[in-house]
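Subject: Structure for you to look at

Dear colleague,

Please find the structure below. My notes on it follow.

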Amino acid sequence: MGHHEGHSHDHGHHHHHSNNKKALLASFVLISTFMVIEVIGGFMTNSLALLSDAGHMLSDAAALGLSYTAIRLGEKKATQSKSFGYKRFEIIAACLNGLTLIVISVFIFIEAIRRFVNPPEVQSLGMLMISIIGLLVNIIAAWILMSGDKEENLNVRSAFLHVIGDMLGSVGAIAAALLIYFFDWGIADPIASMIVAILIVISGYRVVRDSFHILMEGTPERIDMEEVKESLKQLPHVTEVHDLHIWTITSGFFSLSCHVVIGEGGDHDTTLAVAQKLLHDQYGIEHSTLQVEKQDVGCPNPHETCN
């Protein structure tokens with residue numbers, strides 16, 4: 001965390017970090033363990049709903065494992081060749097994770113369609129027991145993740161969403177098991193697994209979309225470019241703001257660069273200090289690079305229009 005010493009909320013940031021790490025690690029261990037049980041149970045009871053829920057849990061375990069690794073890597077110091085350290089790994093990991101989810105759900109769909117055609121025998125009691133335990137495991141994992149800061153951190157949030165989706169998967173498996181047990185409704189198994197597959201696709205698509213936006217240097221959703229530009233223009237002696245770029249390094253860590261033109265009587269250092277304080281306090285932008293220019297000097301860059 002050495003690159004922004006002196007920022008007032010450093011300690012809070014650190015505290016969240018260790019919370020996130022503990023929450024992610026604990027839920028990772030919990031979910032990975034149960035996933036293995038669910039895979040074995042799925043094969044033994046011949047239930048696709050259990051296997052698809054295990055597929056969802058695998059995606060969960062991957063999400064949690066990746067997020068944990070990402071936070072650990074993100075803590076590594078910046079190097080000469082990677083000046084922002086490894087913070088971006090978190091986003092790349094989230095992206096790969098989302099793609100994996102989409103692939104898993106395609107496999108579940110294919111198998112479910114095969115089962116619609118000829119529904120196999122499913123041992124509903126075993127299936128019911130395992131899916132109830134699965135639901136409890138997910139509730140515990142969600143509760144653990146609530147202690148992380150899911151508002152700020154894309155990884156903790158995506159892991160939390162996964163676990164919520166998982167809960168629905170377990171509920172589906174429980175419902176299917178009951179339908180098979182009481183009404184011998186074999187088709188409930190592939191229906192439940194189809195629903196889980198749709199949930200997996202949706203969460204996968206979301207994660208891929210969000211991480212892609214960050215990798216494409218998109219403007220953070222919480223920040224309005226025009227508003228930032230206007231508030232910089234309101235500062236004393238500032239006549240023009242141009243060449244403004246805002247992007248995300250990793251979740252919750254924003255970067256900004258722009259040129260600020262000051263008129264008569266404007267002081268370079270004062271303007272710089274006031275502008276950086278404004279960006280930090282009002283928009284939570286920790287890393288801003290501002291070039292302050294005197295108006296009469298004009299534009300250093302011939303390709304730009306300075307008005």
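Is Cys-258 buried or exposed? At 2% relative accessibility, Cys-258 is buried (buried means under 20% relative accessible area, exposed over 50%, partly exposed in between, with a 1.4 Å probe and protein chains only).

Before the rest, some notes on the source. This is a predicted model, in which local features need pLDDT of at least 70 and side-chain atom pairs count only at pLDDT 80 or more, while totals for chains, interfaces and linings use all residues. Residues are numbered from 1 along each chain as its sequence is written, and side-chain values use heavy atoms, with hydrogens and water left out.

Overall picture. The protein has eight helices and three strands, arranged along the sequence as α-α-α-α-α-α-α-β-β-α-β. Helices (H or I, at least four residues) and strands (E, at least two) are DSSP runs, numbered from the N terminus. Of the 307 residues, 48% are buried. Contact means heavy atoms within 4.5 Å; among contacts between residues at least 6 apart in sequence, 73% join residues at least 24 apart.

Searching the whole structure gives zero disulfides (a disulfide is a pair of cysteine sulfur atoms within 2.5 Å).

Strands. Nine of the 10 residues of β2 are buried, so β2 is largely enclosed by the rest of the structure. Two strands pair if DSSP finds at least two bridges between them. β2 pairs with β1 in the antiparallel sense over nine bridges, and His-242 stands opposite His-259 in β2. These two strands form a hairpin with two residues between them, and Gly-252 in the turn has a positive phi of about 80°. With β3 (residues 285-294), β2 pairs in the parallel sense, over nine bridges; here Phe-254 stands opposite Ile-285 in β3. β2, α8 and β3 make a right-handed β-α-β unit, where right-handed means that, with the strands pointing away from the viewer, the path from the first strand over the helix to the second runs clockwise.

Helix α7. The buried residues of α7 (residues 225-233) are Val-228, Ser-231 and Leu-232. They cover an arc of only 100° around the axis, which puts them on the same side of α7; the arc is that of the directions from the helix axis to the C-beta atoms. Among the elements that cover these residues are β1 (238-250), β2 (253-262) and α8 (268-283).

Regards
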